[in-house]
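I hope they are handy while you have the coordinates open.

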Amino acid sequence: MIHQFKNNGYNIVLDVNSGAVHVVDELMYDVIGCVADGTFEAKRSELETKYPAEEIKEALEEIEELKANGDLFTKDVYENYIFDFAKRPTVVKALCLHIAHDCNLACKYCFAEEGEYHGRRALMSFEVGKAALDFLIANSGERRNLEVDFFGGEPLLNFDVVKQLVAYGREQEKIHNKNFRFTLTTNGVLLDDDVMEFANREMANVVLSIDGRKEIHDLMRPFRKGAGSYDLIVPKFKKLADSRNQERYYVRGTFTRNNLDFAEDVKHLADLGFKQISVEPVVAKDTDDYALREEDLPGLFEQYDKLAADMVERAGTDEDFNFFHFMIDLEGGPCVAKRLSGCGSGTEYLAVTPWGDFYPCHQFVGNEDFLLGNVFDGIQKTDIVNEFKACNVYAKPTCKECFARFYCSGGCAANAYNFTGDIHGAYSVGCELQKKRIECAIMIKAALAEKEAKEQ
Amino acid sequence: MKHVVTLNTKKLQNTVQKGGCGECQTSCQSACKTSCTVGNQSCENKR
């Protein structure tokens, strides 16, 4: 299976099963397409009106060479492998600790319903957090790197417990030969010098929530009484990003139907000086007025194209930046097992509520059908865990034929569930945006490779 | 090759043998909390 596309003046052929990315000329683009769909002989004379016969012959020879090297028209040999892989005993390697089910903002699109997750306001106690870390260590097998995200609501509403848990984790990692990678997701309202100093010492990554331009941000991320939060948080986020040497953090935003021109928000964040940026589509019910619709897709694709072209322009200058959803590692990316088994929700990754309940991930918190157990008694609902474990791209009919399956790994189980009522479903708007992002990411690689070749 | 520039040399099929150690980051922990992106993760296994 191949996927062909044109973007920003580049002709690209992705060989899906090997992951090989080929930048080709017009002639090759046309010839490969005909060879792929078996119409080459039928279209040969048509091609010969466009290109010299000798060059077509050359192209065919190059195609044969690529095939022989395992770089083109490779077969999908992974289906049995991944089902065997899925049968392995899994360990837990990451927890999302809902340290506070409460928030000092009232963001309109919050899937946590202003921090409360359809439940009551609550803060996690040290005892519950400690039991969660103990559970993680005890269930992590040979894994050394363990990830713990302090999430909410707003985790800084319970900062003392965050500090105590980090201290406890640092003590335990030595005893058990583990390495905790802590991360913090915050809206910035309570960010001060103490928090920054702590975050820079202890947090492997910090996620800072900001949507972009002031009017966009303030519209969706107000305080409970209605005032915007942009002016308060921006100077603090800038300070924190600089104090981390512009590394190991992300400013992270959400775009909605209110800012279909979201590339402007990404640019705004870049122009503020942020170098690590993530802005992603809102996940909302189709009855929400800010939800993205099928009809918005062409405009959103244009925005991604514009953003990608802008990033190519900025590359190598002081204005360059990294956009999380255009990151793609063509050389050292994940193995097939990782790519096909997905994000790990419900198996390797669990969310923990303030009172210690386990859910497959933060997006499922509050939906009692997905309550898996708790930090004191462990996992009770192994049937649900097994369902998540077996939920890979080959178990999803839509993914089987999709070129993007090795990049999104079947997408987000929570999105699938919210839109189709089944974790094996597919959220079509999300899929289309994901595919566009992958194309843009590959185009950027092609452009940078060309730039590099010219400089040599 | 005259008509093709191939950008990467690592082949997915070659990761079957040594892959699956699981030391890599959980995708949702980094910067996406609502959309799964795995292709941009880095492999932790440098063997």
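1. For angles, under 35 degrees is roughly parallel, over 145 roughly antiparallel, 65 to 115 roughly perpendicular, and the rest oblique. The axes are lines fitted to C-alpha atoms, for helices over the stretch in contact, with angles from 0 to 180 degrees between N-to-C directions. Helices (H or I, at least four residues) and strands (E, at least two) are DSSP runs, numbered from the N terminus.

2. A word on provenance: this is a predicted model, in which local features need pLDDT of at least 70 and side-chain atom pairs count only at pLDDT 80 or more, while totals for chains, interfaces and linings use all residues. Residues are numbered from 1 along each chain as its sequence is written, chains are lettered from A and ligands numbered from 1 in the order in which they are written, and side-chain values use heavy atoms, leaving out hydrogens and water.

3. Which residues make the contact between α1(A) and α3(A)? From α1(A) come Leu27(A), Met28(A), Val31(A), Ile32(A) and Val35(A), and they meet Glu55(A), Ile56(A), Ala59(A), Leu60(A), Glu62(A) and Ile63(A) of α3(A) (contact means heavy atoms within 4.5 Å). By class, this contact of α1(A) with α3(A) holds nine nonpolar, no polar and two charged residues. Here Ala, Val, Leu, Ile, Met, Phe, Trp, Tyr, Cys and Pro count as nonpolar, Asp, Glu, Lys and Arg as charged, and the others, Gly among them, as polar.

4. Helix α1(A) is mostly covered, with eight of its 11 residues buried (buried is under 20% relative accessible area, exposed over 50%, partly exposed in between, using a 1.4 Å probe and protein chains only). Among the buried ones are Tyr29(A), Asp30(A), Gly33(A) and Cys34(A). The buried residues of α1(A) pack against β1, β2, β3, α2 and α3 of chain A, together with β1 (4–6) of chain B. Just after the helix, Gly38(A) takes a positive phi of about 75 degrees.

5. Phe40(A), Arg44(A), Leu47(A) and Glu48(A) of α2(A) meet Ala53(A), Ile56(A) and Leu60(A) of α3(A). This contact has five nonpolar, no polar and two charged residues.

6. Further along, α11 (297–314) and α17 (428–455) of chain A pack at about 20 degrees, with their axes 10 Å apart. They are therefore roughly parallel to each other, and α11(A) passes α17(A) in a right-handed crossing. The residues of this contact divide into 14 nonpolar, no polar and six charged. Those from α11(A) include Phe301(A), Tyr304(A) and Asp305(A), and those from α17(A) include Lys436(A), Arg437(A) and Met443(A).

7. Is Asn187(A) buried or exposed? At 4% relative accessibility, it counts as buried, although Asn187(A) sits in the loop between β8 and α7 of chain A. Its side chain joins that of Asn104(A) in a polar contact of 2.8 Å (a pair of N or O atoms within 3.5 Å; within protein, one must be able to donate a hydrogen and the other to accept it, and residues adjacent in sequence count only if both atoms are side-chain atoms). Leaving aside neighbours within four places in sequence, the contacts of Asn187(A) include Glu154(A), Ser209(A), Arg221(A) and Phe237(A).

8. Some backbone spots to check by eye. A cis peptide bond joins Gly152(A) and Gly153(A), with omega about 5 degrees, and Gly153(A) is in the loop between β7 and α6. Asn177(A), which is not a glycine, has a positive phi near 55 degrees; Asn177(A) is exposed at 53% relative accessible area. Arg248(A), also not a glycine, has a positive phi of about 55 degrees and is partly exposed at 43%.

Terms used:
A crossing is left-handed if the near helix is turned anticlockwise from the far one by less than a right angle, and right-handed if clockwise.
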